[in-house]
Amino acid sequence: MAGGALKYRHLSRTSSHRQALLRNLVTSLITHESIRTTWHKAKEAQRLAEKLITLGKKNTAASRRRAETIFYQPLKHLPKLFTTLRQRYLNRPGGYTRVLRIEPMNKHHDQAPSAILELVDGPRDMRFSMTAKTLVRERKREDGEGGGDGSGVREITAENVRKVTRFRKNGVEKLEEMVRRMEAAEGDEKKREVCCAFQFLISLYRLLHGCLR
């Protein structure tokens with residue numbers, strides 16, 4: 001309607017095609033917990049995903065019937081919605097999904113704005129892993145500059161830690177576990193770099209020694 005507020009994006013599709021597209025996107029999201037698509041599709045799919053998880057939290061006969069109409073294979077996806085995801089978000093009042101902007105996936109054609117749509121507090125939560133990576137970097141910097149215990153972080157990082165662990169079960173412990181894994185992986189990478197440099201020096205020495213003989 002001219003001059004009225006846009007209630008939803010048509011996505012250049014008919015109503016039935018649009019609904020089928022969103023159902024497919026939400027099904028992929030529930031299955032894989034993280035999907036890549038265009039920004040506008042992600043925002044529309046996010047609305048449907050939030051409603052679907054709310055149905056899972058209600059866990060009534062009516063909510064199950066409504067969820068069945070969204071999934072193309074309800075027997076395959078309903079168990080995860082009404083068990084795993086319901087338990088994960090039981091104490092979270094809302095905001096079960098997150099949309100993150102990324103570079104256009106199709107750089108050579110339409111340059112459409114792209115995004116990642118993900119379930120929060122899950123195994124593929126990108127903000128959770130990014131926060132862990134930031135903790136590794138800031139603790140390492142503190143050790144190098146002041147010789148501290150590596151526990152000090154910036155105020156904005158501390159706020160991000162609070163956000164990503166607030167509703168996640170054993171969130172602080174899981175974040176620290178990921179930080180330790182990243183620190184160990186970083187140490188292993190440095191060892192490999194030193195080993196490669198040492199092997200290069202040995203090869204160079206042998207080459208020069210052979211030329212001087």
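Among contacts in the protein chain between residues at least 6 apart in sequence, what percentage join residues at least 24 apart? After that, please take me through Arg168 and what it touches.

Analyst: One caution before the tour: this is a predicted model. The answer to your opening question is 60%. That figure covers contacts between residues at least 6 apart in sequence.

Now the setting. The protein chain holds seven helices and three strands. Read from the N terminus, the order of elements is α-β-α-α-α-β-β-α-α-α. The chain has 213 residues, and 35% of them are buried.

Arg168 is your residue. Look for it in the loop between α6 (155–165) and α7 (171–212). Is Arg168 buried or exposed? Its relative accessibility is 11%, so it counts as buried. The cut-off for buried is under 20%.

Next, the neighbours. Leaving out residues up to four places away in sequence, Arg168 touches Asp121, Gly122, Asp125, Phe128 and Lys174. Two of these contacts can be described further. Take Phe128 to begin with. The charged end of Arg168 sits over the ring of Phe128, 3.8 Å from the ring's centre. Then take Gly122. Its backbone oxygen lies 3.4 Å from a polar atom in the side chain of Arg168.

Arg168 and Arg92 are 76 residues apart in sequence. In space, their C-alpha atoms are 9.0 Å apart.

Arg23 lies over the face of Tyr72, at 3.9 Å from the ring centre.

What about two rings together? A search of the whole structure finds one aromatic pair. The partners are Tyr89 and Tyr96, with ring centres 5.2 Å apart and planes at 50 degrees, so the pair is tilted. Both tyrosines, Tyr89 and Tyr96, are buried.

Now turn to a helix, α4. Helix α4 covers residues 74–88, which is 15 residues. From its first C-alpha to its last it reaches 20 Å, close to the expected 21 Å. Helix α4 also has a kink of about 30 degrees, centred on Leu81. Leu81 is one of the buried residues of α4.

Most residues other than glycine have a negative phi. Glu33 is not a glycine, yet it has a positive phi of about 70 degrees. Glu33 lies in the loop between α1 and β1 (34–38). At 6% relative accessibility, Glu33 counts as buried. Asn59 is not a glycine either, and has a positive phi of about 55 degrees. Asn59 is found in the loop between α2 and α3. Its relative accessible area is 30%, so Asn59 is partly exposed.

To return to your residue: Arg168 is a buried loop residue. Its charged end sits over the ring of Phe128, and a polar atom of its side chain lies 3.4 Å from the backbone oxygen of Gly122.

Notes:
Residues numbered from 1 in each chain as written. Predicted model: local features only at pLDDT ≥ 70, side-chain atom pairs only at ≥ 80, totals over all residues. Heavy atoms only, no water. Helix = DSSP H or I, 4+ residues; strand = E, 2+ residues; numbered from the N terminus. Expected span 1.5 Å × (residues − 1). Bend = angle between axes of the 7 residues up to and from the residue. Buried < 20%, exposed > 50% of the residue type's maximum accessible area, 1.4 Å probe, protein only. Phe/Tyr/Trp six-rings, centres within 6.5 Å; stacked < 30°, edge-to-face > 60°. Lys NZ or Arg CZ within 6 Å of the ring centre and 35° of its normal. Contact = heavy atoms within 4.5 Å. Polar contact = N/O pair within 3.5 Å; in protein donor to acceptor, adjacent residues only side chain to side chain.
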